[in-house]
Amino acid sequence: MGSKLAAKETAKKHHVPLVPGTEQPITGISEANKIAAKIGYPVLIKASAGGGGKGMRTVENEKEFEEQLNRAISEAQAAFGDGSVFIEKYVTAPRHIEIQILGDQHGNVVYLFERECSIQRRHQKLIEEAPSSILTEEMRQRMGNSAVVLAKACGYYNAGTVEFLVDDQLNYYFLEMNTRLQVEHPVTEFITGLDLVKEQIKIARGEKLSFTQADLKIHGHAMELRVCAEDPMNNFLPDIGKLKTYRRPQGPGVRVDDGFEEGMDIPIYYDPMLAKLIAHGKDRGEAIERLKRAIDEYEITGVQTTLTFG
């Protein structure tokens with residue numbers, strides 16, 4: 001499931017909906033041109049081994065196709081040591097919805113509902129929430145069942161996330177599977193009451209899941225904001241410096257996951273994310289209000305942050 005193409009092949013085999021596109025890496029420009037024309041522009045060129053938007057190019061028309069293809073291959077090779085790319089139909093105005101799963105070593109797999117991750121910049125998620133405000137219960141079950149089918153098909157165990165695109169007609173398409181715990185897992189922990197890291201450790205020990213799908217319920221609403229050392233007034237360029245002030249917000253339904261303390265240096269060598277700010281409430285409205293209050297109470301000086309944006 002770490003290879004996007006192999007994952008798509010598994011999804012197709014088990015009748016999980018896929019975005020129209022190629023099932024094998026592109027081998028030549030003339031073949032790629034024909035495929036793109038058949039799918040219909042705009043198309044998306046993506047690295048098979050990719051992630052985080054690297055090796056990804058949107059192509060609006062045939063004229064720019066060859067140049068963007070070469071750029072995607074070059075970037076994929078540099079980032080992942082693998083220049084394999086494939087082509088997908090570009091879904092306009094999509095929603096990015098992912099299903100959290102847990103599987104043990106005894107063949108039991110459950111889905112822990114969904115996270116909406118549609119607010120992104122440079123293909124990086126910025127705000128995540130659970131549950132999604134657009135899914136019906138019937139659609140939630142269908143997407144959850146698709147995720148479970150995929151996980152069982154490859155004997156998967158551990159925490160994992162099956163990602164889908166949802167179009168404006170609420171059709172969903174398999175995108176990829178992340179075979180790990182994700183940055184946004186706290187929103188799922190809030191709405192399920194589960195500690196996903198603890199569950200991972202129990203799974204690694206060989207224990208069976210202590211709950212079934214029927215035991216899982218959604219409790220309230222949660223939102224996560226990624227707090228980054230970036231300057232919103234300078235095209236969100238990463239910022240560095242010493243944390244002169246660093247005070248976390250407090251209060252009911254507020255959680256901060258971070259790795260920094262006051263006085264520490266923010267270097268240029270790593271991802272600019274400083275912290276994850278998470279808020280939980282009885283419904284979406286309360287979660288938003290708590291998140292807004294927490295943003296106002298979060299004190300960071302010494303570096304520019306995205307907290308000032310908005």
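Student: Is C117 buried or exposed in this predicted model?
Tutor: Good place to start! A residue counts as buried when its relative accessible area is under 20%. C117 has a relative accessible area of 0%, so C117 is buried.

Student: How many disulfides does the count come to?
Tutor: A disulfide needs two cysteine sulfur atoms within 2.5 Å. The cysteine sulfur nearest to C117, that of C228, is 14 Å away, which is too far for a bond. By this rule the count of disulfides is zero.

Student: Which helix holds E189, the salt-bridge partner of R255?
Tutor: In this salt bridge, the closest N and O atoms are 2.8 Å apart. R255 sits in strand β14, and the pair ties together parts that are 66 residues apart in sequence. R255 is partly exposed at 24%, while E189 is buried at 9%. The helix that holds E189 is α5.

Student: Which helix do E286 and R290 both lie in?
Tutor: These two side chains form a salt bridge as well, with N and O atoms 3.8 Å apart at the closest. E286 and R290 are four residues apart, about one turn of the helix. That helix is α7.

Student: How many nonpolar residues does the lining of the second largest pocket have?
Tutor: This pocket holds about 470 Å³ of space. Among its 23 lining residues, those closest to the centre are I119, L126, I127, L225 and L291. Helix α7 supplies at least two residues of the lining, and so does each of the strands β5, β6 and β9. Alongside three polar and eight charged residues, the number of nonpolar ones is 12.

Notes. Residues numbered from 1 in each chain as written. Predicted model: local features only at pLDDT ≥ 70, side-chain atom pairs only at ≥ 80, totals over all residues. Heavy atoms only, no water. Buried < 20%, exposed > 50% of the residue type's maximum accessible area, 1.4 Å probe, protein only. 1 Å grid on protein atoms, 1.4 Å probe; cavity = no way out; pocket = protein on both sides within 12 Å on 5 of 7 lines; lining within 4 Å. Points joined across faces, edges and corners; volume = space filled by probe spheres on them. Nonpolar A, V, L, I, M, F, W, Y, C, P; charged D, E, K, R; others polar. Salt bridge = Lys/Arg side-chain N within 4 Å of Asp/Glu carboxyl O.
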